[in-house]
Amino acid sequence: PSSSSSSSASSTSSSLASASSISQVRIVDKDRYNRHLKVAQYGNLALDITSEHLIKLKWLYARLSDETDRTKRDAAIFGLLCRYKSFFGTGRFEGFGLQGALPPATFKCLNELFGVSFECFASPLNCFFPRFCSAFPDTDAPFGSCGSFFQLQIASGSFEANPPFTEEVVLKRRKAMLSSPSLLRSLSPTGATLPCAPWSS
């Protein structure tokens, strides 16, 4: 990302509510030689995003919104980028490896064989299915997030639950799935795929 201040990104994310602020967000090519990389700009803050991610976010947003004015969409994208930049940090490789995401081929297989169509731990940037749970519903909801998995009332369906690989979250996932009131009351078939890290201890 072009900016080196995650605190600046965090404060900017919460200041985009006004109409005048929304209209100031611009998403443009990073430069004329690299059409693969875009830049989302607001004031002096500029955040990089690949063309593939930008196309994906526009598609996710369009699924849930009848909004034809792209200014609100672009502001939502910029706010999301600010949030995740603040979360992952400013270093080039900082925040990498927090979650062992499954490859697309695995998701396709889970969908075809078991009907999996929902991710319990994802984000608009890395989700495979258009409906998912994520850590930041305030910025992620316009792109399909159903909020936190730990507040989700699951009644039926087939899910993929692959949380960040920290012991606390993995154990919390297990407890939530074994003690969910809605699941315990459900009479409908329900299944979950639980990827596991190859921990030795």
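Which strands does helix 4 (residues 70-88) lie across, and at about what angle does it run to strand 3? I started there, and found helix 4 lying across strand 1, strand 2 and strand 3, at about 95° to strand 3.

**Ground rules.** I'm looking at a predicted model, where local features need pLDDT of at least 70, side-chain atom pairs count only at pLDDT 80 or more, and totals for chains, interfaces and linings use all residues. Residues are numbered from 1 along each chain as its sequence is written, and side-chain values use heavy atoms, with hydrogens and water left out.

**Helices on the sheet.** I looked up helix 3 (residues 51-64) next, and it also lies across strand 1, strand 2 and strand 3, running at about 90° to strand 3. For my own reference, helices (H or I, at least four residues) and strands (E, at least two) are DSSP runs numbered from the N terminus. Contact means heavy atoms within 4.5 Å. Axes are lines fitted to C-alpha atoms, for helices over the stretch in contact, with angles from 0 to 180 degrees between N-to-C directions.

I count 3 strands in an open, antiparallel sheet, ordered 1-2-3. Strand 1 (26-31) and strand 3 (45-50) are at the edges with a single partner strand each, so one side of each has no neighbour in the sheet. On average, neighbouring strands are turned by 35° against each other, direction ignored. Pairing here takes at least two DSSP bridges between two strands.

**Strand by strand.** I then followed Lys38 both ways: its bridge partner on one side is Asp29, and in strand 3 it is Ile49. Strand 2 (residues 34-42) pairs with strand 3 over 6 bridges, and I noted Leu37 with Thr50 as bridge partners there. This second hairpin also has 2 residues between the strands, and Gly43 takes a positive phi near 60° in it.

**Arg173.** I found this one in helix 7 (residues 167-179). Arg173 is buried but has no salt bridge, and the nearest side chain of opposite charge, Glu160, is 7.5 Å away. Buried means under 20% relative accessible area with a 1.4 Å probe, protein chains only; a salt bridge needs a Lys or Arg side-chain nitrogen within 4 Å of an Asp or Glu carboxyl oxygen. What I did find is the backbone oxygen of Ala161, 2.7 Å from a polar atom of the Arg173 side chain.

Notes
Buried < 20%, exposed > 50% of the residue type's maximum accessible area, 1.4 Å probe, protein only. Lys, Arg positive; Asp, Glu negative; His and termini not counted. Polar contact = N/O pair within 3.5 Å; in protein donor to acceptor, adjacent residues only side chain to side chain.
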